[in-house]
Structures are given as C-alpha cells and as structure tokens.
Amino acid sequence: MTASEPASGSSARRRLSIGAAVVLALVVLSGAVGMGILRGQASPVESLPLAGDSGEPGVAGELYVHVLGEVEKPGLYLLDLDARLVDALAAAGGTTDAADLQAVNLARAVTDGEQIVVPPLGVPGAQPGAAPPGDARIDLNAADQAALETLPRIGPALAARIIAWRDENGRFQSVDDLLAVPGIGEKMLAGLRDGVRV
C-alpha cells in the first residue's frame with residue numbers, strides 16, 4: 001500500500017463530512033426561517049365549524065363577518081359560506097341578556113365582509129335593508145317578485161332573474177350589482193337607480 005492511498009481516503013471522508021455539515025446547516029437554517037415566518041404571522045380569527053362540516057379547511061369556502069353590539073365576544077369571525085346570522089352570533093359567544101333579538105333576523109344568510117350589530121332592547125336596530133322613514137325605494141335584497149315588477153321596465157322575467165341572481169350570489173352590495181343580472185345594462189340601470197336601494 002502506498003502512502004498516497006490513506007491520504008486520498010482521508011480527503012474523501014473530509015469532503016463527505018463538509019458536505020454533510022453544509023446540508024445540515026441548510027436544513028437548520030430553513031427550519032429557523034420557517035419558524036420566524038410562522039411567529040411573525042397574526043393569530044387567526046376564531047372559526048366556527050357548522051353542522052355537517054367535514055373539518056377540512058377550504059372545502060366549502062369561508063367568509064369573514066364582524067359581529068358587534070349585544071354579544072358576549074364582539075369581534076371578527078370566520079364562518080362557512082352557507083352560514084346564517086344565528087351562526088355568527090354563536091361564534092361571538094351568543095347574545096347578552098340586553099340583546100333585542102326581535103330586531104335581527106336570525107335565519108338570514110350572512111355575506112363576506114358584513115358587519116352585524118345586535119342592538120340592545122328599546123333601541124331601534126340598524127338592520128341592513130331597514131328603510132329610513134319616508135324611503136319608498138325598493139330594497140333589492142328583500143323585495144319579492146311583485147315588488148320588483150313595480151319598477152319601470154321590469155317585467156316578470158326580469159324580476160325572476162334579479163331574484164335568481166340574489167339567490168345564487170348573495171346580497172346585492174350596491175345598486176351597480178344589477179349590471180351582473182342578465183338583461184340589465186347601463187341604460188336600464190340609470191332608469192332604476194332612483195327607485196332601488198340595498
């Protein structure tokens with residue numbers, strides 16, 4: 001055996017050791033960066049699983065609602081897309097004894113980005129869709145077929161399309177959302193604008 005053979009074996013082991021140390025350092029660095037990113041994120045909002053929820057996040061979709069007023073834990077909550085107002089109140093810990101439950105519709109569907117205010121007893125609620133006194137405009141989110149047909153140039157077929165759009169897409173967020181209803185263009189919207197509200 002020559003003197004050069006042990007030196008080359010030692011050199012190979014040294015290179016292998018250096019390579020292993022580099023790989024180990026990269027793994028440790030990656031883990032540290034990952035932990036730093038996770039620690040820097042804001043804590044998630046509370047999520048309320050609904051009955052029949054599969055437990056898999058993002059399966060049915062999610063929406064955010066802001067619950068205020070006479071509830072035990074006011075705040076921002078993450079709910080399933082098919083959530084109702086009663087689910088939002090449950091997520092907020094339920095209502096207080098001072099809550100006026102007749103001022104809210106517990107069965108109505110909630111929409112993403114909505115703010116829900118539960119008023120105290122004896123105080124008129126700021127219900128979405130509640131008309132100010134003297135406002136005769138048609139509420140696009142509450143009107144039935146007959147009410148929609150009282151609008152200019154809205155017949156039975158177009159009224160049915162407005163209701164179908166609302167059922168498929170949730171509440172109208174603005175009067176301009178009417179442009180998404182088949183058969184309603186800019187000119188018709190201009191004629192409807194003063195007679196409707198959301």
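**Close-up views of a predicted protein model**

Buried residues, meaning those under 20% relative accessible area (1.4 Å probe, protein chains only), make up 28% of the 198 residues in the protein. This is a predicted model, in which local features need pLDDT of at least 70 and side-chain atom pairs count only at pLDDT 80 or more, while totals for chains, interfaces and linings use all residues. Residues are numbered from 1 along each chain as its sequence is written, and side-chain values use heavy atoms, with hydrogens and water left out.

**View 1. The protein has 5 helices and 6 strands.** Starting at the N terminus, the elements follow the order α-β-β-β-α-β-β-α-α-α-β. Here helices (H or I, at least four residues) and strands (E, at least two) are DSSP runs, numbered from the N terminus.

**View 2. The largest nonpolar core has 20 residues.** A nonpolar core is a set of buried Ala, Val, Leu, Ile, Met, Phe, Trp, Tyr and Cys residues joined through side-chain atoms within 4.5 Å. Leu 148, Ile 154, Ile 162, Leu 178 and Ile 184 touch the most other members. Helix 4 (156-169) and helix 5 (186-192) are the elements that give two or more residues to this core, and helix 4 supplies the largest share, 5 residues. Apart from this core lies another, of 17 residues, among them Val 71, Tyr 77, Leu 79 and Leu 85. In soluble globular proteins, nonpolar side chains tend to be buried together.

**View 3. Leu 148 has several neighbours.** Leaving aside residues up to four places away in sequence, Leu 148 touches Ile 138, Leu 140, Ala 143, Ile 154, Ala 159, Ile 162 and Ile 163. Contact means heavy atoms within 4.5 Å.

**View 4. Ile 18 lies in helix 1 (residues 4-40).** Is Ile 18 buried or exposed? Ile 18 counts as exposed because its relative accessibility is 53%, and exposed means over 50%.
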